[in-house]
Amino acid sequence: MKSIHSKSQLLGFLSVFAMFIFSNGRTINSNNELIRAVNLGGWLVAEGWMKPSLFDSIPNKDFLDGVALQFKSVTTGKFLAAELGGGSIIVANRSSASGWETFRLWRINETSFHVRVFSKQFLQIESMGAKVVATSTDSETSGIFQIIRKSDDPSRVRIKAPNGLFLQAKTEDLVTADSNGNGQWGNNDPSVFEMTIGQGFQGEFQVTNGYGPLKAPKIMKDHWNTFIVEKDFSFIAESGLNAVRIPVGWWTAKDPTPPKPYVGGSLEVLDRAFVWAKKYNLKVILDLHAAPGSQNGFEHSSTRDGSVEWGQNDESIKESVRVIEFYTARYATNPSLYAVELINEPNAFGVSLSVLTKFYSDAYTVVRRHAPNAFVILSNRLSGEPKELFPLASGMKDVVIDVHYYNLFSDIFNDMTIDQNIDFIKTNRSNELQDITISNGPLTFVGEWVAEWQVRGATKEEYQRFSEAQLQVWGKASFGWAYWSLKNINNRWSMDWMIKNGYINL
Ligand SMILES: *[C@@H]1O[C@H](CO)[C@@H](O)[C@H](O)[C@H]1NC(C)=O
Ligand SMILES: *[C@@H]1O[C@H](CO)[C@@H](O)[C@H](O)[C@H]1NC(C)=O
Ligand SMILES: *[C@@H]1O[C@H](CO)[C@@H](O)[C@H](O)[C@H]1NC(C)=O
């Protein structure tokens, strides 16, 4: 397909393709069109950067799940650290802060937290005595901590331990939980720390756990009911797009009673999306964007604290296969179900190729059981080799490899000019895509792209050139493409805005 250049050639090719499909006994409308899709991101899997207002009224919202905190003792002048990264004592002797000096919160409610260290153990008080250690691998038994901020200087804090007393850095290598914490917040008070707030997450876990079980259900329902509505589907169809890629989380398959902190009601919303897709003749690519435990450590996979725990045990894989089976069985009879993407962006840092291969094989089998003709999409691993799934795909029918191409998220784009950005699409990306689009291989899908770059202050015309170049190159992917995303407070990331304002012409 990569040799096709003109529209008429494309049409000619497509009708031959369609006839071929027809003669194989497949319905003609299932396979005869390249996918031109938009992602419905930030809807059923929340992402705060796409809609910050969703997070606005969370109480104590500096302290959401996974936020990275560092604490410098005012008396030792050094940072608290989990010695050896965890499994040992807490010390106050590190002069600079990175991994071992970072503590991540697991929020219980707005005032109470478990605290996780670099190697994933939780902070606790030694059973005999008052020494603070990071040895527990079980959050439940580790104990509950609170962070008390000085009212007129919120970066000055005390840390209240499960025993009701406060942490203090008695010396550089002795941190104990035995201070009354009632001093004047002075620089001679070993229970006082200067806190730095580092990387945080704003995903589905944070928003639901942040609001808590009383408030979250209504907040999420309002979001689902307003962020994407029926008229968006009619707009998508009128715009010349033919499909939507819908990111979903694993918890929606557990509706109406998903495990905490997720809230019920999302399955009904997904059902509605399928009704609208059918009504407006749009195909649906169902995309498991958030798998149990997080497959990539990003907020878009609903990570709790940035760690990748999916695939670390058999259960998370089995659970994910059940989730894929649930979704496929539920929507198999809807003519809009076009493809099932088994998992989005598994991360090579955390997910091995062999674990992923096992999951893909099992999940492929369950999709086939219910939807013999749906396409099955395998997302490449982040930081994986572009063709590493080819051996697996060769044993599968109607299989697609998903690649995500952004001119972002890498230093190589930092100083690129407008023309260099466009050249990168036309040369480098085009070559990459051509490389994996081979005649007897899996189909190829650019399942995420955006007309955004590191360039600042570009004109509308320059954005048009950029989106045009991408549309041309992604048009050679043998399955198709999908823009990220339909709605976003950042205009370039909103295909809705980009089309309505003439930045993208389809
Ligand atoms: C937060 O959780 C702790 C520990 O379970 C509990 O003691 C406290 O009352 C809770 N606070 C709120 C505001 O719910
Ligand atoms: C911090 O204290 C621990 C425990 O005494 C010690 O093993 C470690 O070497 C110290 N680290 C630094 C950077 O001084
Ligand atoms: C893009 O491809 C060109 C030509 O192959 C190469 O010289 C250049 O280094 C590539 N650019 C990047 C940023 O990889």
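In the predicted model, an oxygen atom of ligand 2 lies 3.5 Å from a side-chain N or O atom of glutamate 83, a polar contact being a pair of N or O atoms within 3.5 Å, where within protein one must be able to donate a hydrogen and the other to accept it, and residues adjacent in sequence count only if both atoms are side-chain atoms. For asparagine 93 the corresponding distance to an oxygen atom of ligand 2 is 2.2 Å, and for a polar side-chain atom of aspartate 173 it is 3.1 Å. The protein covers 49% of the 360 Å² of accessible area that ligand 2 has on its own (Shrake-Rupley method, 1.4 Å probe; for residues, only the protein chains shown count as cover).

Residues are numbered from 1 along each chain as its sequence is written, and chains are lettered from A and ligands numbered from 1 in the order in which they are written. Local features need pLDDT of at least 70 and side-chain atom pairs count only at pLDDT 80 or more, while totals for chains, interfaces and linings use all residues; side-chain values use heavy atoms, with hydrogens and water left out.

The domain assignment, automatic or from a database, gives domain 1 (29-53 + 202-500) and domain 2 (68-197). Their C-alpha centres lie 38 Å apart. Seven residues of domain 1 contact five residues of domain 2 (heavy atoms within 4.5 Å). Three salt bridges cross the interface of domain 1 and domain 2 (side-chain nitrogen of Lys or Arg within 4 Å of a carboxyl oxygen of Asp or Glu). Aspartate 305 forms a salt bridge with arginine 116, with the closest N and O atoms 2.7 Å apart.
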